Amino acid sequence: MEQSFLFKQTVPADWVDYNGHMNDAEYNRAFSQATDAFIDHLGLDEEARAHFSYTIFTLETHTCYLQEMKQASAFEITARVLDYDAKRIHLFLFMHDAESNLVATLEEMLMGIDQNEGRGAPFPEAIKESIAGFYEKWSEHDLPKQAGRTIGIRRK
């Protein structure tokens with residue numbers, strides 16, 4: 001399993017809002033599509049989900065909007081596993097424009113779900129190994145600047 005992931009897309013016209021840039025909800029749509037593609041890349045594609053009766057749900061997300069994206073702008077999304085355990089993935093996604101500028105990030109917590117039980121369950125072994133490979137690739141690197149952020153007004 002290759003331990004790199006790349007999702008490519010272009011901003012469609014219907015993703016652009018009255019401000020002339022990509023609407024905030026559409027950044028999240030792009031990140032959601034990239035997350036689905038990442039899950040497939042881990043080996044948990046449609047066929048594997050049916051075979052294992054297993055899927056992945058999103059528990060929490062945090063998006064940082066760093067730069068505007070305009071209609072027809074190309075972008076790429078890459079992924080980094082910040083942490084994981086038997087049934088959860090702490091995933092971080094980076095969106096870059098065609099000039100390699102970081103334009104947005106998404107931090108999310110995912111949980112593996114046994115579809116027969118309808119609740120959290122450990123990853124199938126092959127998927128766990130794939131997740132571990134993604135984690136190991138980046139485990140020695142510093143956390144991204146946007147990771148672990150909270151929302152609040154800082155008071156002096």
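Analyst: Let's start with a term: a salt bridge is a side-chain nitrogen of Lys or Arg within 4 Å of a carboxyl oxygen of Asp or Glu. What you see is a predicted model, in which local features need pLDDT of at least 70, side-chain atom pairs count only at pLDDT 80 or more, and totals for chains, interfaces and linings use all residues. Residues are numbered from 1 along each chain as its sequence is written, and side-chain values use heavy atoms, leaving out hydrogens and water.

The part to look at is helix H1, residues 24-42. Helices (H or I, at least four residues) and strands (E, at least two) are DSSP runs, numbered from the N terminus. H1 has 19 residues and spans 27 Å from its first C-alpha to its last. That is close to the expected 27 Å at 1.5 Å a residue, where the expected span is 1.5 Å times one less than the number of residues.

Now for the two ends. Asparagine 23 caps the N-terminal end of H1, with a side-chain oxygen 2.8 Å from the backbone nitrogen of alanine 25. This is a polar contact, meaning a pair of N or O atoms within 3.5 Å; within protein, one must be able to donate a hydrogen and the other to accept it, and residues adjacent in sequence count only if both atoms are side-chain atoms. Just after H1, glycine 43 has a positive phi of about 110 degrees.

Which residues of H1 are buried? They are Glu26, Tyr27, Ala30, Phe31, Ala34, Thr35, Phe38, Ile39 and Leu42. Buried means under 20% relative accessible area, exposed over 50%, and partly exposed in between (1.4 Å probe, protein chains only). The cover over these buried residues includes strands S1 (7-10), S2 (54-65), S3 (74-84), S4 (88-97) and S5, together with helix H3 (125-138).

Rings of Phe, Tyr and Trp (its six-membered ring) pair if their centres lie within 6.5 Å; planes under 30 degrees apart count as stacked, over 60 as edge-to-face and the rest as tilted. By this rule there are six aromatic pairs. In one of them, phenylalanine 5 and phenylalanine 38 have ring centres 5.4 Å apart and planes at 85 degrees, so this pair is edge-to-face. Phenylalanine 5 sits in the segment before S1 and phenylalanine 38 in H1, so the pair ties together parts 33 residues apart in sequence. Both phenylalanine 5 and phenylalanine 38 are buried. Tyrosine 27 and tyrosine 65 make another edge-to-face pair, 5.2 Å centre to centre with 80 degrees between the planes. This pair links distant parts of the chain, with tyrosine 27 in H1 and tyrosine 65 in strand S2, 38 residues apart. Tyrosine 27 is buried at 3% relative accessibility, whereas tyrosine 65 is partly exposed at 41%. Ring pairs also join Phe5, Phe38 and Phe134 into a cluster.

What about charges? The whole structure has five salt bridges. One of them joins arginine 49 and aspartate 40, whose closest N and O atoms are 3.1 Å apart. Arginine 49 is partly exposed at 24% relative accessibility, and aspartate 40 is partly exposed at 36%. Another joins glutamate 76 and lysine 8, at 3.8 Å between the closest N and O atoms. Glutamate 76 is partly exposed at 33%, while lysine 8 is exposed at 55%.

Glutamate 107 is buried yet has no salt bridge, and the nearest side chain of opposite charge, arginine 149, is 7.8 Å away. Here Lys and Arg count as positive and Asp and Glu as negative, while His and the chain ends are not counted. The side chain of glutamate 107 does make a polar contact of 2.6 Å with the side chain of histidine 90, and reaches the backbone nitrogen of glycine 148 at 2.7 Å. Leaving aside residues up to four places away in sequence, glutamate 107 touches several others, among them Glu60, Leu82 and Phe92; contact means heavy atoms within 4.5 Å.
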